[in-house]
Structures are given as structure tokens and as C-alpha cells.
Amino acid sequence: MASNVRHPPAGTMEPRKQSFPDFGLFKFELAAKLTDTIILQLCVIFDYPTALVNEIRNAANGALVMVMHMEERGQIHPTDISLLVNALEKMNLQGTSMQVKKLFEQFVPIEEVVHSHAGDQPDLHMGQWGIHGDATMEKIYSEGITLCEEDSQKQQLGMLLLLETSTRDRRSVNCLRLDRCIDQVDAGSGEVTLKSGLSLTPSAALKTIEIKENVKVTEEKIIGLLKYVSKSEKMEKLVFRDCDLPISVPTQSIPGALMSRNVQVVHGRYHLDLRMGLWAIHGEETIQKIYSEGVKISKDDPLIQHQAMLLLLTNSTKDNRSVNCLRLDRCIDQVDADGGEVTLKSGLSLTPSPILKKIEITEDVEVTEERMIRLLTYVSKSAKMRELVFKVCDLPISVPTQSIPSALMSRNVRVVHSCGKYHLDLMMGQWGVHGEETIKTLCTEGITVRREDPKIQQQAMLLLLTNLAQDNRPVSCLRLVDSCIKRVQAVGGKVILRSGLLLLPSSVLRKIEINRDIEVTEQKIIGLLTYVSKSEKVEELVFKDCKLPLSVPAQSIPSDLASRDVRVVHSCGKYHLDLHWGQWGIHDEATIQKIYSEGTITISKDDPKIQQQAMLLLYTNQIVGKTPISKVKLYGSFSGVNSEGPSLVLNSGLRLPQLSSLTELVILTEDGREVTVDEWTGILNYAKHCELLKKLWIFRCLLPWMDDIQTNLGSTKAVWNLYNNSSRAYYFRSGRWQDQWGEVLTRSEYEDLVKEFREHYRGSYWQKRRRAKLEEAATE
């Protein structure tokens, strides 16, 4: 009988490294590679008794003791270490296993190999190396033969000789695994040539062959492998693992013996349909799951998977079995003009299917109006299709109604976008909000339009407003977020969004919120007030986190807003627009009550300008019958005096006018400030014009020395305190400053105060600025 092992030409056998021809050296190097974890796992696999395990664990060099016991128990031998190698592979230590095998080949030359109970042994009849030992051979018959690219030629030769012997002895071998070791396959004879130079001819002993390749398997190679299988008469299965295979095999090249023997050619979840030469889904359970959950074709799927899924659709059509869903994930290249065929990026085509119920499309490019129309036509030609879903797609905001197939409306097909939030109104060709529960939620919680929202989403919300107005269903709130308003028509009140869409006045809106808009100009706010005026049921216009104009011309505010008691509110309800005056006032009733109960208005440096204005407006427009507000506190907000009249200028630029009801004025300046002569004169002049003023307090500043202050404050009591400390207070009497005991402040005492003050506030902004000016003047 001819051998199924062919050898390379003479002189091409791998040279054996003999630099360390000693099994003892191998054992020493082996011990160096055994960690404590590996030793314990090997003890478990080799079923060592507990006493022996403890001996090894407690030894000074447990690895060497472990190697000694493995040799004593026959688990390593000068001619065979297969038991150790198998144990390491069972432990998923393939890297360590490979290193151990290389060590063995390096340290143990062929000349030292003798007849033994196990291992590669020369066949005395054929002069070749084979596998020795009945237990070892029985195990190989059962578990199969594996040939790897890394195996030495001697190892491969021994395994192939075993395969030849099993054929001769009519013994079956469950599986032959060829792991990246095939060089070429003859398509005519089916002979397989390995990278080692050895040849593998068809075998009557093999049941299964597994092929693993890290390069593309060509059509010629797969035809040769099919020929090899057909000539191996007991072969039942050809399995490919981690292979890049051709998507089809010419049917005339597939041996008829494979079909008559019902041989399976499998690749993962796919098998080769031997009659069609195409890859199909493998396993009835898998097919049933796909029918239930749907077919998915993704851009990143291998070509073989695309073809298998399309073949499944074809077969299910023949068998009249419905498929719940087809998902196309970024894989569509184009759609025919008549909608009759969808061409995938893989080059394969998808025709209308009578068994599909739903199709889902995900695209990372814009879906043009033309493609949208063609997809609708494709759906109309798929008779059982009930839903077309777009996910994460940039879709046109409308579709010409005349281009929408009438069959979609008669079959009540749903065209849905963004996980079911929006649907295409087939009568109007526009996107609307999908689902009654969603609509109810939006009516209750409000509709939100953001600048970054897709245009299709904005349109759906605006269309919903229109439809709800027709049905007279109230909407609690409309929120326009992140400067999504481009402009507002001051006359018509139409709101134009940055997307180009138009928001018309609505008869069902109750409230409008403008959120995070940094461009609310006077013209825009007048337009919004007009929009509210024309939306007759709006009760409140709210601005949140917006930069607003300080006032609105009163004549530009629609008169019906005041009669309808519409509230125009800013900054979470703190301020409201006085619709008669066009200025912002305090809105919070609790804050107003607190101000009236204390009779005091406080204006701080850090208050926004709108808040400072609201405080001034509250003072000037005091409610009749309330306790009058008679005290004003300026905390760091004093900036200067108005040279044109008796008023104080605030840091915001606003002016504190003379107030007829003012009885007490407190000015707490910024630390280290030195009030100029003009400023102090202006403050005294302001106090003189406030007829009811009784107390003037000024803190944390240095007032100028004035030899003769020609100002009669009358009954007003002026108090100056450098540090907001009562022990250092001075009282203004008869044009002079006096301490609490009535002693007049002298010029020399004042000079001492100046030095003390400047040193105390040395690190303040005002003192740093004063010194910088002095240094600048000195350099000039």
C-alpha cells in the first residue's frame, strides 16, 4: 500500500541543534520555566497525592522536585514529553507549551533517542519516525491529530506516519487539524503540500479535517481541499476556522461524491450549499433565531456573511417563511431608480422580498431625497412590509407627496425615524411625532427645540404644534434652547429658527421658555412679545440664562399683554418685565415682602446690572400702602458722582437719583479706596438734596482733607469709618471731622491716619493702583 506521507528531497531535513545534547540540561531549563501556579495545576492534572503536593510546595526548589517526580512517573522521558505538553495545552498555556517543545528539540538530539514506552520511534520497516505507545495512539485516534506551522518536520512526520498506519490498520481518526501549515493544494489530485515540505494525500481513516489559515483561501485552494475530502472516503466534515474564504465555489468544480455522502463544509455559522456553491446559514436552530430576531447585514461583516444572509432571504421566500426584520447597517451603496433592487457596498444585490415584515436602515451619510423616494418604492414592492425604520440617519425634512407610492398608505406602512420618535406623514410628506403616548407626554411636560437638534426633529415638533392647535389640545410649554432663534419678526411675531424653519403663533401654548440665548437683542425681545401677543393663551414668557437688554421701549410692548396679565420673567423667576415701564423689576414676592419689611434696598458690586436696575425700579415705584423704603446700602457698588446733577453713579453705570423718601444712606466702598475731593463734594451735595436724609455712613475708605467744607448738611448726621470699626469713627460737624469725644481731627492726626490706612490696605487693588501711578509719574 502506498504511503500517504511524502518526504522532501534528500538534504532538506531540518538540522538538529546540538549545542546542549543532554536531557539533564533540558530538565534544568524546564524547571526554570515552571512557576508555582503552573506546578500546582500540573499536580491536579497528573492527580498527584496530597502528601506529594505538600512535599513539592515545601521544597527549597519546588520546580526541580516537580521535574524529578514527572520523570519518575513517566510524564517526561528522554524521547517523549507529550504528556507534559498536553497538560500545558489543557491549561491554556500554549506559549509555555511551545517553549518547552523547543527546549526539548534543542537539548535532545536524534542520536540519543532510544526505544521507549512512548514517543517518536523509528519504524523499523519504513525507516521513519512514528508515534510509539498504545495509550498515546488511542488518545490521538480519539482527540485527533494537530499539525501546526511551528511544529518541527520530525513532529509532523511522526503524526503523518500515524495517519498512514491508521489507514493501513483500518482505524478511524476523528479529526486532522491543519493550523496555518498548508503551503498549497493541487486542485486536480487533492494532494496537500505542507510548508515543511511534507505532503498529505487523501486518507481513508479521517472523519473530519479542520483548516485554520491566516491568509486568504483562494478559490483554487478550496476546490483542491474539496477534492481531497472527496477522495478521503470516510470524511464527513470539512471545517474552516478563522479563514478568509471566497464567497462562492463554481458548482461544476464541486465533486459529486460530497453531495452523495452528505459531507458538511462548514465555516463558523455558515455551511457551503454544495448544489449552489454558495455559503448559507448553518444549523436549523440558528436559522429559527434569525427568522425570529431578524436578518442583519453590516458594513463591517465579511462578504461571506452578506451572501449567507441574502441566500437565507431567498430560501425563506421559496419556503414562504416570514422574516421579522432586515437590518441594513451602513451597507447600502445605491438603490435602483425604480426601487427594484438595493445594491450593497459588498457588490451583492437585494431584491424586493415578499416575506419581509420590517426593514431597519442605519446610515452614516446623508440620505438624499432621491434615495429616500427609491427606498419607499422598494418597500412598496415588498408585499408584506409594514414598517421602514431609519436609525441614526440624516434624512430630508420632507418628501414630495406625489413621489410617495400610494400602496404604502393603503397598506398603512409606518415610516419611522430615530427609534420610533418620529414618523413620516404619508399624506403630507413631512415628519411628525410618533405615538400617542409620546404626544401626551409632550403636551404635559412640554416641547423642547434645541439648536443642535436635527432639522427633521425640529420640524416634527413644529408640525406637532400645528396639529395640536387644529385639535385644540393644550401644550404646557415650548422651550427654545441654545440660541436656536435666528430672528423674530417684530410686526408679525413669526419666529425664524437657525435651521430655517418657521415657528408660527400658536393658540394652544401656555408658556414659552427661552433658554441659554446669548443674543436676545431689544429687537428680538420685542418680536417675542409680539409672538406672545398673537398666541392668545400664553400666560408666561420666561428667559433663563439669557443676556437681556436692560429695558424695552414701553411703546413697543403690545398693550394686550398687560390686560391679559402675561408674566415676562427672567433668571429663574427673580425678575419680571414691567409691561408699563419696559424695565425689569423684582418678581419674587417673598423678596419684595422682605425688602418692604426691612425698608432697605441693598445694591452690591457683584449684582448683575439687571438686578441693580430692578432694585432701583422697586424703590422708585413703591407700592402705596406699604411701609416706605427709606434706606439704601451701596456695598462696593459706588463708582463715582454725576457731574451734571446730584446723583451717584454705580459700578454698572446706572445712576442712583436723589430720593425724596431717603432717610439713611450707607456707602461701603471697596477696600483701600481713597475718595477724591470731587467725589466727596459730590456725595455731600447729593446728601444735601435728599431732604429727609438723617444719616450718611461711609466705610473702608480714606476721605480727602479739606480745610473748609462749605456744605451745610443741616440735620443729616455723617459718619466716616476707615475700617468699619466703631472705635475709629469720625463725625462730621460744622464742616469738621470730630471723634466720638468731640475732639476735632487735626491735620497732623489726619496725616497719621493716611499712613496707617495705606499700610493696612497695602495689598488692595486701589492701593496697588495708587503706587503704580506714582511710579509711572516718577519715571516721566
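User: Hi! Before we dig in, what makes two aromatic rings a pair here?
Analyst: Rings of Phe, Tyr and Trp, the last by its six-membered ring, pair if their centres lie within 6.5 Å. Keep in mind that this is a predicted model.

User: Got it. How many aromatic pairs turn up in the whole structure?
Analyst: A search of the whole structure gives 13 aromatic pairs. One of them joins Phe543 and Trp584, edge-to-face, with 6.5 Å centre to centre and 90° between the planes.

User: Which strands hold Phe543 and Trp584?
Analyst: Phe543 belongs to strand E30 (residues 540–544) and Trp584 to strand E33, so their pair ties together parts that are 41 residues apart in sequence.

User: And is Trp584 buried or exposed?
Analyst: Trp584 counts as buried, because its relative accessibility is 0%. Phe543 is also at 0% and counts as buried.

User: What about Trp720 and Tyr730, how do their rings sit?
Analyst: Their ring centres are 5.7 Å apart and the planes stand at 40°, so this pair is tilted. Trp720 sits in strand E41 (residues 717–721) and Tyr730 in strand E42 (residues 729–733). Ring pairs also join Trp680, Trp720, Tyr730, Phe732 and Trp737 into a cluster.

User: Back to E33. What sheet is it part of?
Analyst: E33 is in an open sheet of 7 strands with mixed pairing, in the order E24-E25-E29-E30-E31-E32-E33. Strand E24 (447–450) and strand E33 (583–586) are at the edges with a single partner strand each, so one side of each has no neighbour in the sheet. On average, neighbouring strands of this sheet are turned by 25° against each other, direction ignored.

User: How do E25 and E29 pair?
Analyst: Strand E25 (residues 478–481) pairs with strand E29 (residues 511–515) in the parallel sense, over 4 bridges. There, Leu480 stands opposite Ile514 in E29.

User: Which helix lies across E33?
Analyst: That's helix H20 (residues 609–620), which lies across strand E31 (567–570), strand E32 (575–578) and E33, and runs at about 75° to E33.

User: New topic: where is Val100?
Analyst: Val100 is in helix H6 (residues 94–107). With 1% relative accessibility, Val100 counts as buried.

User: What is Val100 in contact with, beyond its neighbours within four places in sequence?
Analyst: Its contacts are Phe26, Leu30, Ile81, Leu84 and Leu88.

User: Last one: what do the buried residues of H4 pack against?
Analyst: They pack against helix H1 (23–33), helix H2 (36–45), helix H3 (50–58) and helix H5 (82–90). Among those buried residues of H4 are Val65, Met66 and His69.

Methods:
Residues are numbered from 1 along each chain as its sequence is written. This is a predicted model: local features need pLDDT of at least 70, side-chain atom pairs count only at pLDDT 80 or more; totals for chains, interfaces and linings use all residues. Side-chain values use heavy atoms; hydrogens and water are left out. Two strands pair if DSSP finds at least two bridges between them. Helices (H or I, at least four residues) and strands (E, at least two) are DSSP runs, numbered from the N terminus. Axes are lines fitted to C-alpha atoms, for helices over the stretch in contact, and angles run from 0 to 180 degrees between N-to-C directions. Contact means heavy atoms within 4.5 Å. Buried means under 20% relative accessible area, exposed over 50%, partly exposed in between (1.4 Å probe, protein chains only). Rings of Phe, Tyr and Trp (its six-membered ring) pair if their centres lie within 6.5 Å; planes under 30 degrees apart count as stacked, over 60 as edge-to-face and the rest as tilted.
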